[in-house]
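Please look through the model below alongside these notes, which are arranged as numbered points for checking at the screen.

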Amino acid sequence: MKNQRLLLILSFLFVVFHVHADDLDDFIRSQMQKRGIPGLSLAIIQDGKILKAQSYGFIDKDGKVPVTTNTLFQAGSVSKSVAAMGALYLVEQNKLFLDENVNVKLKSWKVPDNEFTNDKKVTLRGILSHTTGLTVHGFPGYAVGAKMPSVVEILDGTAPANTPPVRVDFVPGSRWRYSGGGYTVMQQLMVDVTGSVFPEFMKSHVLSPLGMKNSTYQQPLPQELAKLTATGHYNNRSLVKGRWHIYPEMAAAGLWTTPSDLARFAISIQNAYAGKSGSVLSQSMTRQMLTDQKNRDGLGVFLQGDSATLRFGHSGRDEGFDALLTASVDKGQGIVIMINANDNSLMMGRIVDFIADYYHWDGFPGKRAKPAAVDVDSKTLTAFEGRYELFNNRIITFEADNQRLFTLEDGFVDEEFVPVANNTFTSTDRNVSVTFNADANGNATGFTLKDKGQGYERKVPRIGPLADAHQTNADPDPLRTPKIMAVLQAMVKGGKILEEASGLTLGAKRDFAGGMREPETLKSLTFIHSENVAGRGIQRHDSDVSEIITYQLKSNQPDTYILVHLTSDGLVTDCDLVEK
C-alpha cells in the first residue's frame with residue numbers, strides 16, 4: 001500500500017512537471033516564432049545544479065539541422081566574464097596584481113602614456129570593471145577568409161585591424177565606460193605573463209577545471225569544431241557571410257560555448273562564494289569579483305538586486321549571435337540563453353521572467369500582471385507613434401494598434417504598452433512607464449521614461465514619425481540630396497574614400513572608417529520627411545544633431561528607409577536603416 005501511494009505521488013509529480021515543462025517550451029517557441037529566431041539553446045540552474053538543458057529550432061533559417069544542447073554558439077561579451085576568471089586566477093598565483101600599473105607586466109605592447117595617465121595608471125582592476133578610460137567599445141570581428149590582425153595591431157589600430165587604436169582618453173578610475181578594448185589589453189597582459197597562447201591558457205586553467213568540455217577560445221575554430229556550430233543571423237535575419245565572424249579579440253568576444261558550459265561557469269562562482277571546493281577561484285577572490293566597483297560592475301560581471309537578492313551575469317553579442325547569463329549569488333539559481341541571431345528585443349528577458357515565475361524564484365523580476373487600461377482616442381494614440389532616441393545611438397519605435405502602443409524591434413513587434421492615462425502608458429513586460437510630452441501645437445516632442453524597477457527617470461527625445469511611402473512630401477532642399485547620397489556611399493565603402501569625402505563630421509569619419517555592412521550599395525534616395533530636432537539633446541558620433549531626414553532607399557536590400565542625421569551646418573554625422 002505504501003509503495004502504491006509512493007507511485008501515485010511520483011506519477012502526479014511527473015505529470016505536473018511535464019505540464020509545466022510543456023508550458024515553458026510552448027512559451028519559448030512562441031517567442032521565437034514572434035521574433036523570427038532560427039535557433040535557441042538554454043540551461044536552467046536550480047539548487048546549484050543544471051536542472052534543464054534544452055534546445056529549440058535549427059542551426060540556420062533553412063530549418064534542416066536541429067540545434068542540440070551540444071551545438072556551439074558564440075558568447076559575445078559573456079567571453080569577458082570567463083576571461084576575467086582566468087585573470088583573477090593569475091592574481092591568486094601572484095603573477096598579476098589588481099592595482100598594479102599593467103605596463104609593469106606588459107612586454108609585447110604598452111599602454112601609451114598621455115596627459116590622462118600622469119597621476120593614475122591603467123590597472124587590471126580598472127580593466128575588469130571598465131573604469132580605466134581605455135577606448136573601443138566593441139569589435140565587429142573579421143569575415144571568414146579575411147586577413148587577421150595580431151592583438152598588437154588591434155591595440156594600435158593598424159592594418160588589417162578594423163577598429164581604432166585602444167588609448168586612454170579620461171583619467172583612469174574617474175568614471176565608468178564599457179571597453180572591449182580594455183579586455184584586449186588584458187588578453188595581451190595574460191599572454192605576456194604566462195608565455196602561453198590565450199586559448200590554451202584558458203583551457204588549462206578555467207575551461208577544463210570547470211568541466212566546460214564544449215568550450216574554446218580558439219579563433220578561428222578548427223575544422224572538427226566548426227561542424228558543431230550554429231550559423232549567425234543579423235537583426236534582419238539574413239545570414240552572416242561565412243556563417244560567423246572570427247574574433248582575435250578572444251578575451252572580449254571570442255568564446256565558443258554552450259549554455260550548459262556557461263551554467264557550469266556560473267555554478268562554480270556560486271560554489272566558490274559559498275566556500276565550497278572545486279572552483280577555480282578562492283572564496284575571498286570570488287567575493288571581490290562580486291563586489292560593486294562602480295556602476296554596478298564587479299570584476300568581469302555585472303550585478304543586480306540588493307544584498308538579499310544579489311545576482312551576477314553578463315549579456316553578449318557577436319555578429320549573428322546573442323547570449324545572456326544571469327544567476328543568483330547565494331540561492332543556487334540561474335539561466336543561460338543563447339540564440340543564433342542578433343535580436344534587439346526583450347525576448348530573452350521575457351523568457352528569464354517566465355522561468356523565474358514558474359520556479360518561484362526570489363530576486364528575479366518574474367512575470368507582471370497586465371495594468372488596467374483607460375480609453376484613449378485613436379488620434380491621440382497615433383500622434384505618439386514614431387521613433388525616439390532611447391539613449392545614444394539606440395532608437396525605440398512605437399506603433400499604435402488596438403488601443404495599445406507596441407515597440408518595433410528589427411521589424412518585429414516586441415513590447416506592449418497599455419494606456420493608464422491620456423498620455424501615459426505602462427509596459428506589460430517590465431515596471432516601466434512612458435509619459436509623452438508635446439509642444440504648443442500638440443505635437444509629440446519626446447517622452448519621460450520612468451523605470452521603477454531600476455529606480456530612475458529621464459527624458460527621451462523624439463526623432464520623427466514612422467515613414468509612409470504613400471504620403472508624398474516636397475523635398476525642401478532637393479540640391480542637398482545628391483550630396484548626402486555621395487556621403488552615404490563613402491560611408492559604405494570606408495577607408496581612403498571616406499577619409500577624403502566632404503560633407504560629414506570628423507566623428508563619423510572616425511567611426512565609419514571600416515565602412516558599413518549594409519546597405520552594400522545605394523541606388524537612389526526619395527525624400528519622405530524632415531524633422532527639426534535642434535535642442536532635443538540628440539547626439540551622434542560626438543556631434544549634436546539638428547535635423548533628421550527620412551528617405552526611402554533603393555539598394556541591394558529590399559526597399560527600406562534610411563534616417564540621415566545632420567548637424568546645424570548640414571554635415572552628416574550618422575544614418576540608420578529602418579523598416580517603416
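1. Where does Thr71 lie? Thr71 sits in the loop between strand E2 (49-57) and strand E3 (73-74), where helices (H or I, at least four residues) and strands (E, at least two) are DSSP runs numbered from the N terminus. This is a predicted model, in which local features need pLDDT of at least 70 and side-chain atom pairs count only at pLDDT 80 or more, while totals for chains, interfaces and linings use all residues. Residues are numbered from 1 along each chain as its sequence is written, and side-chain values use heavy atoms, with hydrogens and water left out.

2. Thr71 has a relative accessible area of 5% and is therefore buried (buried means under 20% relative accessible area, exposed over 50%, and partly exposed in between, with a 1.4 Å probe and protein chains only). Leaving aside residues up to four places away in sequence, Thr71 touches Ile59, Pro66, Leu228, Thr229, Ala230, Thr257 and Thr258, contact meaning heavy atoms within 4.5 Å. The C-alpha atoms of Thr71 and Ile59 are separated by 8.1 Å, and these two residues are twelve apart along the chain.

3. For the chain as a whole, there are 15 helices and 24 strands, and buried residues make up 52% of the 580 residues. The radius of gyration is 25 Å, which agrees with the value near 25 Å for a compact globule of 580 residues; this radius is taken over C-alpha atoms, and the globule rule is 2.2 Å times the number of residues to the power 0.38. The C-alpha trace spans about 80 × 70 × 45 Å along its principal axes. Among contacts between residues at least 6 apart in sequence, 62% join residues at least 24 apart.

4. Helix H2 (residues 78-92) and helix H5 (residues 180-194) have axes that come within 11 Å and cross at roughly 40 degrees; axes are lines fitted to C-alpha atoms, for helices over the stretch in contact, and angles run from 0 to 180 degrees between N-to-C directions. The two helices are therefore oblique to each other (under 35 degrees counts as roughly parallel, over 145 as roughly antiparallel, 65 to 115 as roughly perpendicular, and the rest as oblique). On the H2 side, Lys80, Ala83, Ala84, Gly86, Ala87 and Leu90 meet Gly180, Tyr183, Met186, Met190, Val193 and Thr194 in H5. By class, this contact has eight nonpolar, three polar and one charged residues, with Ala, Val, Leu, Ile, Met, Phe, Trp, Tyr, Cys and Pro counted as nonpolar, Asp, Glu, Lys and Arg as charged, and the others, Gly among them, as polar.

5. H2 also packs with helix H9 (residues 259-273), at an angle of about 45 degrees and with the axes 12 Å apart, which makes H2 oblique to H9. Here Val78, Ser81, Val82 and Met85 in H2 meet Leu262, Phe265, Ser268 and Ile269 in H9, a contact with six nonpolar, two polar and no charged residues.

6. Some backbone values deserve a look, because most residues other than glycine have a negative phi, and most peptide bonds are trans. A cis peptide bond joins Ala159 and Pro160, with omega about 5 degrees, and another cis bond joins Gln219 and Pro220, with omega about -5 degrees. His360 has a positive phi of about 60 degrees and, at 68% relative accessibility, counts as exposed. His541 has a phi near 50 degrees, but at 16% relative accessibility it counts as buried.
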